[in-house]
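Dear colleague,

I am passing this structure on to you, and below it I have set out what was found. Please read the notes with the structure open beside them.

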Amino acid sequence: MSFFIEVLLGGLLSGVMYALVAIGFVLIYKASGVFNFAQGAMVFFAALTCVGMVDKFGVSLWLAIPLTILVMIALALAIERVVLRPLVNQPEITLFMATIGLAFFIEGLAQLLWGSQVRKLELPIEDVPNEYLMEHFNILVSQFDMTAAVVCAVLVVALALLFTKTRVGRALRAVADDHQAALAVGIPLQRIWVVVWSVAGLVALVAGLLWGARNGVQFALTFIALKALPVLILGGFTSVPGAIVGGLIIGASEKLAEVYIGPMVGGGIEGWFPYVLALLFLLVRPEGLFGEKIIRRI
Amino acid sequence: MLYREAGQFKTSYVADGQILPIRQDRVALCALLAVALAAVPLLASPYLLSAILIPFLIFALAALGLNMLTGYAGQLSLGTAAFMAVGAYASFNFVARIPGMPLLLAFILGGLCAALVGIAFGLPSLRIRGFYLAAATLATQFFVIWCLTKIPYLTNYSSSGVVTVQTMQIFGYRFVSPQAKYLLVLGIVSLMALLAKNMIRSNVGRSWMAIRDMDMAAEVIGFRPLRTKLLAFAVSSFYCGVAGALYAFAYLGTVEPEAYSLDLSFRILFMVIIGGVGSILGSFLGAAFIVLLPIFLNMLAHALGLATNYASNLELMVFGGLIIFFLIVEPHGLARLWQIGKEKLRLWPFPH
């Protein structure tokens, strides 16, 4: 039983990390209707920029992080100016394909700037089992994962406050509801987009640092985006709580499936199990758990 | 002056409905085919044939398949490479397990297997659309490749998972030289392109386009979405499956699951976008562009004395940048540029 709980907890905690990436997707989708395939590339770019600055220029990590945030804001500005503005009013699928192009561009740029070798990232949190839980409940849970969960929770609360309590947040929700109506009441659409993409860049940085500290900052980080997709399908594209719940479900079920079903079929099912799960779920509820139901009329 | 259809009157329905209504187009296409069939195998070097022309034709076929699904039926798919893999492995197994299996029949059966997989993974398209579907098709990609690595039966119990395909043999003739392979691929690809062109012109193609443009309206006027969408998935996967089989048999010589990675899927999607979404010609133009661009970039990097590492990252950036550029500037891709050129030529030397 304690093994089961351990696997479950491990899964839930890695689900938190998926959720962190998925939130980046949701933010952008909510505020601009763009499904941003480049979020994974942004995670990679942010982490690599941060580590690259530490390695190349010898700045400390605590200076590199704010510098990277500045870089991500610059990136958001550039994306809005070069990619989004000319594509206003295009079909959503065109914008999606544009972000696939963007993903390739950012991946190339990141490696061109900082080199393509695997880099180590040292965060001041140790990846050891939490002593308290080990002693009292005999369950091995990484301290690092728990910190990640806390960071994720703080981030989500901050985002929720930003969305509901501030002027910018209100503007964001207006833009998400209806572009034209928002423009009509004088909300600067372009500025809102920059804000959203910057926030998504910030989330990407947090996700990139956490994932990078675990597995090293390397190209494989871009595949995290692929992990986040089933999370989004399950939770619904437009809901931050959906991304979190979806992340937890995907993380837990994927680890459980790998441990309990995997050995029967040869293992390595972690790669596709979330997708098949999400796919089956879609057949029942096409808009996801928390997604808004879209009613189509001709 | 040269390209003007004045005086070419159509006096029958048959003449009115032909594929190339302008005589100059017919002549040009015949000339192109003659060059491709006769001059190229005689003159081209083995390198040009086996490293550029054969992959170009194969990718064009795969892009054609994806274009039918994405361009005409409006269902975005990111699982193209998986369908290619199914076609390749199925053809390999048919040839390996059934003695005296004719090669072309094996290709067709391989394509049919891919079509079945396509139908299975196309089922969600009935309820979901857009990005949900794009994300769902990724399931195909991961699931199929996983199956190929984990089920030893499919790779004929090869220990490394890498399979050497059989020599292509039809009626006792062995296709081993680059010329022979090229001609075989060219034959299959042109035949299937002609078939695709006619399918698009028929009511099948029109039902796809109706579904693409507005599926509910299409349903109201009597197209059945279930049948139409699944048919699009089936036909598209069939084309991809055959392309995958050719990729294994005529180009690579060996197959391994890694050859059909997500990267290949994206590459083929790029061919469709750059070439022209919803255009048969566009699939060919896009394939040519994507095959030639890395070679060109490599040459450029070499000439500038850059490291190969730089070149490959530069390639990523150029690919990504071009996709965005085309989507912004010319969403209908190279095929549209070609069309504009033709329209200008019709009026030449007058501007209007």
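The predictor's confidence in each residue is called pLDDT and runs from 0 to 100. For chain A the mean pLDDT is 82, and 91% of its residues reach 70 or more. Within that chain, confidence is lowest in helix α5 (residues 131–137), at a mean of 66, and highest in helix α3 (residues 61–84), at 89; helices here are DSSP runs of H or I with at least four residues, strands are runs of E with at least two, and both are numbered from the N terminus.

This is a predicted model, in which local features need pLDDT of at least 70 and side-chain atom pairs count only at pLDDT 80 or more, while totals for chains, interfaces and linings use all residues. Residues are numbered from 1 along each chain as its sequence is written, chains are lettered from A and ligands numbered from 1 in the order in which they are written, and side-chain values use heavy atoms, with hydrogens and water left out.

A:F45, in helix α2 (residues 39–57) of chain A, is buried, with a relative accessible area of 4%; buried means under 20%, exposed over 50%, and partly exposed in between, using a 1.4 Å probe and protein chains only. Leaving aside neighbours within four places in sequence, A:F45 is in contact with several residues, among them A:V71, A:I106 and A:L113, where contact means heavy atoms within 4.5 Å. A:T94 belongs to helix α4 (residues 92–114) of chain A and counts as buried at 9% relative accessibility; not counting residues up to four places away in sequence, A:T94 touches A:L87 and B:L327.

As for helix pairs, the axes of helix α3 (residues 46–72) and helix α7 (residues 178–201), both of chain B, come within 10 Å and cross at roughly 20°, the axes being lines fitted to C-alpha atoms over the stretch in contact, with angles from 0 to 180 degrees between N-to-C directions. That angle makes α3(B) roughly parallel to α7(B), since angles under 35 degrees count as roughly parallel, over 145 as roughly antiparallel, 65 to 115 as roughly perpendicular and the rest as oblique.

In chain A, the axes of helix α11 (residues 240–260) and helix α13 (residues 273–284) come within 9 Å and cross at roughly 120°, which means that α11(A) is oblique to α13(A). Their contact is made by A:I250, A:S253, A:E254 and A:A257 of α11(A) with A:F273, A:P274 and A:L277 of α13(A).

With best wishes
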